[in-house]
Amino acid sequence: MHVVIVGGGIVGMTLAAALATEPQTEVTLCERDVLGGGTTSASAAIFMTQQPRPEASDDAVRKLSWETYGPLVADGALSFEQVGRLTVAETNAYAADLRDAVEPLRELGYDAEWVDADALSKYGVAAADHEGALYTPEEGYFDVDELVEHFAAEARAAGAEIRTDEAVVDVQTDDAGVTAVETESAVVNADAVVNAAGPWATRVNDFVGVRTPLRHTVGPILVVEGADREVPFAVFESKRYVRPVGSDGAYVGKYLTDYADGEVRDPDAPTDVLDDFHDEAEAFLEASVPALTDTTVVDEWVGLRTVTPDGRPVVGESAVPGFYLAVGMSGQGVTLAPAVADVLSAQLTGGDHDLAEPMTPGRF
Ligand SMILES: Cc1cc2nc3c(=O)[nH]c(=O)nc-3n(C[C@H](O)[C@H](O)[C@H](O)COP(=O)(O)OP(=O)(O)OC[C@H]3O[C@@H](n4cnc5c(N)ncnc54)[C@H](O)[C@@H]3O)c2cc1C
């Protein structure tokens, strides 16, 4: 069985690493540019241990991902800064929701506590205009380059062929399904093809006429330096967030994952951080994260999240036999990638997977 994976971001790489260890499975990954240079390089790389209100199946997917990441963190193969997370309420209604989430989260096995507004300053967040926060100390962030390198090395060691600078320009099919991918320089026979092309996924779907409801949301990040104290990873109700970088810096970003906030964009069109976001970030930091008020922006970029109507990824075989999807990560691809790889590895090798159903392409 020869599987060709299109895309060498975190999703394609974790899949290549998992699949290459399966018996009688040959894996080729084609990346049009460099490994991890797409959305993955734009990521804040937080492992989102939980959502304030996880469904059981979503929680199981995250736990499955951690079954891959956790041992690698424990033995030092991957660095992980466990900084914890504050989910900050700006309205009474959201505060009530978050307070109610503490007990269910504990029942799912997480540390969780409610922090009153007047205790927020302990975490570097202003008390004024905030109604308190849910604190979950287990979350943290990876080094995204290290992640990609690690899984690329695992995949190669298990026998996968990784081709960079090799864009897939078409996928060939016959009546029984996919037969090959065509790259700029070769035709590669394939029993199965996996679309792991991140924000370019719709273009790869077009090669075989598959339709999946995918939109893009714009994710700007400003990197600031010169904070007068360390800041936490904090996600605010208004969808702005800060994530620490070292002891005196931070990412300041916007976390839009709703399908309604999305549109179909050209992922190759250059996108700069808009002046509006600079202004928004300045006002936000002044009001909400005073430790970052007098900082300097030293870097900035924009990444595209690929979002779906229900906020879950689209994973599994499409209507075209042998053409599989690993797309629509909805802003959580770093978190979900190993679980997605597990589900697809089972399916590609003829098995089933308990967690496949909520992510199945057939639900749309
Ligand atoms: C600003 C921002 C912050 C984020 N923060 C987090 C976070 O904290 N935690 C988290 O879990 N997630 C986060 N995410 C989401 C996460 O980064 C993505 O879900 C994840 O990186 C998607 O990985 P991917 O492999 O699917 O896509 P990508 O990394 O985009 O990889 C797709 C690859 O496919 C290649 N490709 C495309 N077309 C072709 C073709 N025709 N032939 C060959 N190759 C092709 C591209 O070059 C690219 O390298 C964030 C996203 C953004 C934008």
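Welcome! This structure holds 13 aromatic pairs, and the model you have open is a predicted one. A pair of aromatic rings is described by the distance of the centres and the angle of the planes, and this tour begins with such a pair.

**Stop 1: Phe-47 and Trp-66**

Select Phe-47 and Trp-66 and show their side chains. The two ring centres are 4.8 Å apart and the planes meet at 55°, so this pair is tilted; a pair would need over 60 degrees to count as edge-to-face. Now colour strand E3 (residues 46-47), where Phe-47 lies, and helix H3 (residues 56-74), which holds Trp-66. The pair therefore ties together parts that are 19 residues apart in sequence.

Trp-66, at 30% relative accessibility, counts as partly exposed.

**Stop 2**

**Stop 3: Tyr-251 and Trp-301**

Next, select Tyr-251 and Trp-301. Their aromatic pair is edge-to-face, with 5.5 Å from centre to centre and 80° between the planes. Tyr-251 belongs to strand E17 (residues 249-254) and Trp-301 to strand E18 (residues 296-307), so parts 50 residues apart in sequence are tied together by this pair. Tyr-251 is buried, at 14% relative accessible area, while Trp-301 counts as partly exposed, at 22% relative accessibility.

**Stop 4: arginines over rings**

Which residue lies over the face of Tyr-259? Select Arg-215 to find out: Arg-215 lies there, at 4.0 Å from the ring centre. Then move to Tyr-141, where Arg-243 lies over the face of the ring, at 3.4 Å from its centre.

**Stop 5: an open sheet**

Finally, switch to a cartoon view and pick out strands E10, E11 and E12. These three strands form an open sheet in that order, with antiparallel pairing. Which strands stand at the edges? They are E10 (168-174) and E12 (187-189); each has a single partner strand, so one side of each is left without a neighbour in the sheet.

Zoom in on strand E11 (residues 177-183), which runs antiparallel to E12 and is joined to E12 by three bridges. To end the tour, select Val-181 and look across to E12, where its bridge partner is Val-188.

Definitions and conventions:
Residues numbered from 1 in each chain as written. Predicted model: local features only at pLDDT ≥ 70, side-chain atom pairs only at ≥ 80, totals over all residues. Heavy atoms only, no water. Pairing = 2+ DSSP bridges. Helix = DSSP H or I, 4+ residues; strand = E, 2+ residues; numbered from the N terminus. Phe/Tyr/Trp six-rings, centres within 6.5 Å; stacked < 30°, edge-to-face > 60°. Buried < 20%, exposed > 50% of the residue type's maximum accessible area, 1.4 Å probe, protein only. Lys NZ or Arg CZ within 6 Å of the ring centre and 35° of its normal.
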